[in-house]
Amino acid sequence: MEPGSVENLSIVYRSRDFLVVNKHWDVRIDSKAWRETLSLQKQLRFCHQLDFSTSGALCVALNKAAAGSAYRCFKERRVTKAYLALLRGHIQESRVTISHAIGRNSTEGRAHTMCIEGSQGCENPKPSLTELVVLEHGLYAGDPVSKVLLKPLTGRTHQLRVHCSALGHPVVGDLTYGEASGREDRPFRMMLHAFYLRIPTDAECVEVCTPDPFLPSLDACWSPHTLLQSLDQLVQALRATPDPDPEDSGPRPGSPSALLPGPSRPPPPPTKPPETEAQRGHCLQWLSEWTLEPDS
């Protein structure tokens, strides 16, 4: 696969107010390190983030008003996201709800990682909820692997990677939360991709699906052999899920979920607490960096 460069930025959605780009797997969003010569910040300005090694949909606001409307959608938890991933092992259940609380790891040498409640050094764990649907079983470089769709219903740091690892099926190529060395020598990247994104702002609904990067035609190491769920059907379900009312303080978008059958729907996560003064100050400082543009 072609490495990322300033010139090969891929745009998958464009309007007067927003761009959505398909972030390359080996491009950082931003960096203060002198040795980092390429980042998305040097390609354009963005309004939310993906991990360095995660590819896929990343939304960019083109003016201050658009940035504010997108911020409100994230704050009110009205944004719907779904990711594709290759996970170690064959997951036997077709659908799984993962609900481990996630906190910061205070263990020496792991200060920049997260962990699940009950593990050693886990500080201030917060409720976290992820839905997982198995798409395919197959082999990656000869090892059993499951291709899945992941839908985070909360937004904790490294949530999907931590939840998959806690399930016993870490993301292929995840050197932080993956298995011991020796199992991660073949992947050229971490196999996690931001596949679907919907941001229902007042002016427009930004909705995109990025191309699936986990195909045998793109990576000869990946060899699927059993189809369990059609990705196209899940996309239709995601698109058909109504957006919640901005005033609604109830469940996250998509809950009751279109991805889970009725009898096994999980309870909604706790209501997000009101915005603090510190959070509001951070938002205002962020918005102040945008230059107001004339209406023309």
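## Salt bridges around Arg161

In this predicted model, the side chains of Asp174 and Arg161 form a salt bridge, with 2.9 Å from N to O. Arg161 belongs to helix α3, while Asp174 sits in the loop between α3 and β11, so the pair ties together parts that are 13 residues apart in sequence. Both Asp174 and Arg161 are buried.

Arg161 and Asp174 are also part of a network: salt bridges that share partners join these two residues and Asp51. The count of salt bridges in the model comes to eight.

## Salt bridges around Arg198

Arg198 takes part in a salt bridge with Glu207, at 3.6 Å from N to O. The side chain of Arg198 also meets that of Asp243 in a salt bridge, here at 2.8 Å from N to O. This second pair links distant parts of the chain, as Asp243 lies in the loop between α4 and α5 (277-288) and Arg198 in strand β11, 45 residues apart.

## Helix α4

Helix α4 spans residues 231-240, and its buried residues are Leu231, Leu234, Val235, Ala237 and Leu238. These residues cover an arc of only 160° around the axis, which puts them on the same side of α4. The face turned away from that buried side carries Asp232, Gln236 and Ala240, which are exposed.

At the N-terminal end, α4 is capped by Ser230, which has a side-chain oxygen 3.3 Å from the backbone nitrogen of Asp232.

Three strands form an open sheet in the order β7-β6-β8, and their pairing is antiparallel. The edges are taken by β7 (114-116) and β8 (122-126), each with a single partner strand, so one side of each is left without a neighbour in the sheet. From one strand to the next, the twist averages 35°. Strand β6 (residues 102-105) pairs with β8 over three bridges, and Arg104 stands opposite Glu123 in β8.

Helix α3 (residues 159-166) packs on this sheet and touches β6 and β7, with its direction at about 40° to that of β7. The helix is mostly covered, as six of its eight residues are buried. These buried residues are Gln159, Leu160, Arg161, Val162, His163 and Cys164. After α3 comes Gly168, which has a positive phi, near 90°.

Strand β1 (residues 11-14) and strand β2 (residues 18-23) run antiparallel and are joined by three bridges. Across the pair, Ile11 stands opposite Val21 in β2.

Note on methods:
Residues are numbered from 1 along each chain as its sequence is written. This is a predicted model: local features need pLDDT of at least 70, side-chain atom pairs count only at pLDDT 80 or more; totals for chains, interfaces and linings use all residues. Side-chain values use heavy atoms; hydrogens and water are left out. Buried means under 20% relative accessible area, exposed over 50%, partly exposed in between (1.4 Å probe, protein chains only). Helices (H or I, at least four residues) and strands (E, at least two) are DSSP runs, numbered from the N terminus. The arc is that of the directions from the helix axis to the C-beta atoms. A polar contact is a pair of N or O atoms within 3.5 Å; within protein, one must be able to donate a hydrogen and the other to accept it, and residues adjacent in sequence count only if both atoms are side-chain atoms. Two strands pair if DSSP finds at least two bridges between them. Axes are lines fitted to C-alpha atoms, for helices over the stretch in contact, and angles run from 0 to 180 degrees between N-to-C directions. Contact means heavy atoms within 4.5 Å. A salt bridge is a side-chain nitrogen of Lys or Arg within 4 Å of a carboxyl oxygen of Asp or Glu.
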